[in-house]
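The sequence and the structure are shown first, and the description follows.

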Amino acid sequence: MERVGKIVFYEESNFEGRFYECTADCPELNTHISRCNSIRVDNGAWVLFERPNYLGYQYILTKGEYANYQRWMGYNDSIRSCRIVRNGTGAFRVRVYERPDFNGRMLECSEDLSNLPECWHLHETHSAQVQEGAWVFYELPNYRGRQYLLEKGEYRRYTEWAAMNPTVGSFRRVHSH
């Protein structure tokens, strides 16, 4: 059974001003709010996008309160679309590869990894397979920089998870409960 999610977007910081309560995927939030400066996630895990139709910078948020956009590592107050994360419960397993199409050296993980280049001695990740769960890839170590959601499936090239380059510095599991 699909878990029900709930997220509330506020135009102002500290949960003030106009707000919009969302319980399903939404391709265009601007029909409800003009900007977003704070968010409350009541249920589920969500991926937010800077642009409509699930495009632009991604931010992955789990249950909690985010009093301003810096709290979700936002670059600005533009959140234009959102969708609920699937496969955010149960077991977690991901494989990353140094070359496209699952070639070259491979690393398999079932735990969060704060510094991929340090433990793997590779600076590029060209493909990945998410075997179980949902994961966030970060451009930089220690869960910093651009974020990319990878749900269960195969990603033959880094462009398939919407990255501009094959740099993955860290990754973590997305828990939606």
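Ala162 is placed in the loop between strand S13 (153-155) and S14; helices (H or I, at least four residues) and strands (E, at least two) are DSSP runs, numbered from the N terminus. The structure is a predicted model, in which local features need pLDDT of at least 70 and side-chain atom pairs count only at pLDDT 80 or more, while totals for chains, interfaces and linings use all residues. Residues are numbered from 1 along each chain as its sequence is written, and side-chain values use heavy atoms, with hydrogens and water left out.

Most residues other than glycine have a negative phi. Ala162, a residue other than glycine, has a positive phi near 75 degrees. With a relative accessible area of 40%, Ala162 is partly exposed; buried means under 20% relative accessible area, exposed over 50%, and partly exposed in between (1.4 Å probe, protein chains only).

Phe15 is not a glycine either, and its phi is positive at about 60 degrees. Phe15 belongs to the loop between strand S1 (6-12) and strand S2 (16-22). Arg40 lies over the face of Phe15, at 4.4 Å from the ring centre. A charge sits over a ring if NZ of Lys or CZ of Arg is within 6 Å of the ring centre and within 35 degrees of the ring normal. In another such arrangement, the charged end of Arg172 sits over the ring of Tyr143, 3.8 Å from its centre.

## Two pockets

Rolling a probe the size of a water molecule over the atoms shows where empty space is left. The search uses a 1 Å grid over the protein atoms alone and a 1.4 Å probe; a pocket is an open set of points with protein on both sides within 12 Å along at least five of seven lines, and lining residues have an atom within 4 Å of a point. Grid points are joined across faces, edges and corners, and a volume is the space filled by probe spheres set on the points.

The largest pocket holds about 270 Å³ of space. Its lining has 15 residues, and Phe49, Tyr54, Gln58, Trp161 and Ala162 lie nearest its centre. Strand S4 (46-51), strand S5 (55-61) and strand S12 (144-150) are the elements that give two or more residues to this lining, and S5 gives the most, with three residues. By class, the lining of the largest pocket has eight nonpolar, two polar and five charged residues. Here Ala, Val, Leu, Ile, Met, Phe, Trp, Tyr, Cys and Pro count as nonpolar, Asp, Glu, Lys and Arg as charged, and the others, Gly among them, as polar.

In the second largest pocket there is about 210 Å³ of space. Of the 15 residues lining the second largest pocket, Ile60, Leu61, Thr62, Tyr138 and Arg172 lie nearest its centre. At least two lining residues each come from S5, strand S11 (135-140) and strand S14 (170-173). S5 supplies the largest share of the lining of the second largest pocket, three residues. That lining has nine nonpolar, three polar and three charged residues.

## Aromatic pairs

Eleven aromatic pairs are found in a search of the whole structure. Rings of Phe, Tyr and Trp (its six-membered ring) pair if their centres lie within 6.5 Å; planes under 30 degrees apart count as stacked, over 60 as edge-to-face and the rest as tilted. Two of the pairs are tabulated.

| Pair | Centre to centre | Angle between planes | Type |
|---|---|---|---|
| Phe49 and Tyr54 | 5.7 Å | 70 degrees | edge-to-face |
| Tyr155 and Trp161 | 6.3 Å | 70 degrees | edge-to-face |

Phe49 is buried, at 5% relative accessible area, whereas Tyr54 is partly exposed, at 28%. Tyr155 counts as buried at 12% relative accessibility, and Trp161 is buried at 2%. Phe92, Trp135, Phe137, Tyr155, Trp161 and Phe171 form one aromatic cluster.

## Side chains that meet the backbone

A polar contact is a pair of N or O atoms within 3.5 Å; within protein, one must be able to donate a hydrogen and the other to accept it, and residues adjacent in sequence count only if both atoms are side-chain atoms. Ser81 lies in strand S7 (residues 81-84) and is buried, with a relative accessible area of 0%. A polar atom of the Ser81 side chain lies 2.7 Å from the backbone oxygen of Arg51.

Glu151 is located in the loop between S12 and S13 and is buried, with a relative accessible area of 13%. The Glu151 side chain reaches the backbone nitrogen of Arg86 at 2.8 Å.
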